[in-house]
Amino acid sequence: MLESTGYTKQEFLKLSFWDITPIEYEAQEMAQLDSLKEKGRFGPNEKEYIRKDGSRYPIKISGFLLTDIDGREVVWGLIEDISEQMAFEKDMLRLALYDSLTELPNRRLLSDRINQSIRCSDRNQTKLGLMIIDLDNLKPVNDKFGHAVGDSLLKAVATRLININHRKTDTIARLGGDEFVILLPEINSTIDIEAFAEKVVRQLSEQFSIEGHMIDISASIGIAIYPDHANDELTLMNSADSALYQVKKNKKNGYEMFGK
């Protein structure tokens, strides 16, 4: 515990309680004192302590009211540095919700975002668009240059999609393989999403420089609109996938709106 603070034992003993406790935890501290008076204990609670260098670290704390041999009441605290535990939990959450290669949201997080957006659309009587993007020529890249170059290309595609998109409300996700999805809540018209799809097709058709190789790919995009083409997440995804199939069947390197 003392090592985590950065103080020596002599320095630490000279500190007041609030020297290592951020002020925003004042309400929690008062609640802990009330619990000690009423129940003789508190916790375990989570909070932060302030290190000597000013940085913070998470702890778990419990307290017990005891009586010493002289009859005086003292508080015995159990304090645990949970930095490693929280870092591990954060890593596990990232693995569960984000694609490990591109660090984009994965299918699970995308599903949550779609359902949130559908509820928002229902409340506000707005539309949302969903684009499924399939890279047309990834397999030849893997066959010619190897999967390491293919993976670098996928990361470059993710970066290019992020740079194209400027709305914080949108979600760019990777479904896996060579498929990406862009979720566009609160769109004003189908014209807006078609214009954006054209931009994506154009940008992904521009040559990529990957590990010294100049690589050309293209993208096919299927588009579906809620609530015009679907009334739930699954139907929305299927509608966009159906539109994508038409693009792949007819021409590739373009986009198609479901139902057109």
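Before the sheet, I noted that two strands pair if DSSP finds at least two bridges between them. Strands (E, at least two residues) and helices (H or I, at least four) are DSSP runs, numbered from the N terminus. This is a predicted model, where local features need pLDDT of at least 70, side-chain atom pairs count only at pLDDT 80 or more, and totals for chains, interfaces and linings use all residues. Residues are numbered from 1 along each chain as its sequence is written, and side-chain values use heavy atoms, with hydrogens and water left out.

Entry 1: I traced an open sheet of five strands with mixed pairing, in the order 5-6-4-9-10. Strand 5 (171–176) and strand 10 (254–257) are at the edges with a single partner strand each, so one side of each has no neighbour in the sheet.

**Entry 2: one pair.** How many bridges join strand 4 to strand 9? I found eight between strand 4 (residues 127–135) and strand 9 (residues 219–226), and the two run antiparallel. Here L135 sits opposite A219 in strand 9.

**Entry 3: E194.** I found E194 in helix 8 (residues 190–205). Is E194 buried or exposed? E194 counts as buried, because its relative accessibility is 15% (buried means under 20% relative accessible area, exposed over 50%, partly exposed in between, with a 1.4 Å probe and protein chains only). Leaving aside neighbours within four places in sequence, E194 is in contact (heavy atoms within 4.5 Å) with Y255, M257 and K260.

**Entry 4: L78.** I placed L78 in strand 3. L78 counts as partly exposed, because its relative accessibility is 44%.
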